[in-house]
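Subject: The structure we talked about

Hi,

Here is the structure I promised to hand over. Have a look at it first, then read my notes below.

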Amino acid sequence: MRISRRAVATAAVLATVLPLSACGGGSGPGSADASGKVEGKITFQTWNLQANFKDYFDGVIADFEKKYPGTDVKWVDRPGEGYADKISADAAGGTLPDVVNVSPDLVAPLAKAGIALDLDKAAPQYRKEYLDGAWKAHQIPGTEGTYAFPWYLNTGPMFYNKSLLKDAGLDPEKPPTTYDQVFADGLKLAGKSNGKVATLANVPTIEDFGRYGGQLMNKEGTGFAFNDAKGVELLTHYKELYEAKALDAQALTATPESSGHKFLTGSVAMNPGSALDLANFKKQAPSLYKNIGITDQVSSTGKANMYVMGIMVNAQTKQTPAAVAFAHYMTDATRQMDFAKQVAIFPSTAGSLDDPYFTKEDGTDETRVRVAAAKSLKTAVNYTPVLFSEQMKTELRNQIAKALQGKQSPKEALDNAVKACDRLLQQS
């Protein structure tokens, strides 16, 4: 599954269906001890990958079975639509496969229900093989442990229009990279263009609050905290941009597609994207393409946001050594590098991003973006709290819209958003 897509059903669905009395890791039919002989039959489930990568997975499974005689891996692939519902039903019914492809928000309720194996206990020796930020992505606030091997990562650089920056008297070779710089340059761009050129086309998301340096949740993982002083400060600046027309007028209802179109037509100066966007610019807007600049994601913490996909081991498996060994094998440096060269994703293994494939440009658009993204991923973190559901994202967006429209203050908006998200968190 492409890392940027989310399951239609959310982690909240899982949490309401899964029985909290479910078998805990290390008890029941399986054991948290992964040190035994690697043998037996296991089932491995992926998320909408078979159609495009059948040969790759068949090859990995064959290699694993050759390395560990006596193992037998059955691979099943589920469609993206309804994937969370399928995991929920299987977990509740005790039929969840031994090894499962998950995202952090999907693993959270499984971990709370004791269905996801704690790798910090079962396989701590592997932690050093992965980027620290990637390993931590499957940790649950308020809970000890790590509940999935990090698999592939993704992120995207920020594109900017050099000619628009130059027209506003800004240095096109030194684009804004922190939020303070974006706010200052944004007001200049809007002023110079009499409000015709906005800097951004999207309202802030939970990731923005993280990259700005605010606290997103309390340490116990029992409540959200993005209404702190940093959060209010961020939203206040966005309100200033909106009033000055430095934030696009349609940002309240923008989609990634509509934001991309605004950038394509030259009415927005900066927009996140990918190599696919560059190819589109080259074809549809050659004048924009000639003026494209590529920089890191905007961040005041010095760390970009990463999207993470993982592989979880079912704590109830009867073949813990084989399940852990396979999950690790699938996510080791060799397998991840092979996979990254077939699809536009990045490995989560330490040192892999230093490979020339991710550091040397060859003049192509694909490489330009890949090198820029890989560089930022070395220190990137997953800012989206694993407990932050799609419903919560909607609540935050609705309250932000009211603040930008002047219907309530930024402080009131974030207080209301936190209250709503906390309520949803308690319900789960």
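One definition to begin with: a crossover is called right-handed if, with the strands pointing away from the viewer, the path from the first strand over the helix to the second runs clockwise. Helices (H or I, at least four residues) and strands (E, at least two) are DSSP runs, numbered from the N terminus.

Two notes on where things come from. This is a predicted model, in which local features need pLDDT of at least 70 and side-chain atom pairs count only at pLDDT 80 or more, while totals for chains, interfaces and linings use all residues. Residues are numbered from 1 along each chain as its sequence is written, and side-chain values use heavy atoms, with hydrogens and water left out.

Now the sheet. Strand E1 (residues 40-47), helix H2 (residues 50-67) and strand E2 (residues 71-78) make a right-handed β-α-β unit. E1 and E2 are paired in the parallel sense, over eight bridges; two strands pair if DSSP finds at least two bridges between them. Trp47 is the residue opposite Arg78 in E2.

These two strands belong to an open sheet of six, ordered E2-E1-E3-E8-E4-E9, with mixed pairing. E2 and strand E9 (346-347) are at the edges with a single partner strand each, so one side of each has no neighbour in the sheet. Further in, strand E4 (residues 149-154) runs antiparallel to strand E8 (residues 307-313), joined by four bridges. There, Phe149 has Ile311 in E8 as its bridge partner.

Next, the inside. A nonpolar core here is a set of buried Ala, Val, Leu, Ile, Met, Phe, Trp, Tyr and Cys residues joined through side-chain atoms within 4.5 Å. Buried means under 20% relative accessible area, exposed over 50%, and partly exposed in between (1.4 Å probe, protein chains only). The largest core has 123 residues, and Phe57 and Phe226 touch the most other members. Helix H14 (residues 320-330) gives the most to this core, eight residues. A second, separate core has 10 residues, among them Ala285, Leu288, Tyr289 and Val369.

What does Phe226 touch, not counting residues up to four places away in sequence? Its contacts (heavy atoms within 4.5 Å) include Ile206, Phe209, Leu216, Phe388 and Cys421.

Is Ile292 buried or exposed? Ile292 lies in strand E7 (residues 292-295) and counts as buried because its relative accessibility is 5%. Leaving aside neighbours within four places in sequence, Ile292 is in contact with residues including Phe159, Phe263 and Arg368.

Asp354 is in the loop between E9 and helix H16 (356-359). With a relative accessibility of 47%, Asp354 counts as partly exposed. Beyond four places in sequence, Asp354 is in contact with Thr359 and Lys378. Asp354 and Met337 are 17 residues apart in sequence and 11 Å apart in space, C-alpha to C-alpha.

Thr364 sits in the loop between H16 and helix H17 (365-377). Thr364 is also partly exposed, at 36% relative accessible area. Between Thr364 and Pro109 there are 42 Å in space, C-alpha to C-alpha, and the two are 255 residues apart in sequence.

Cheers
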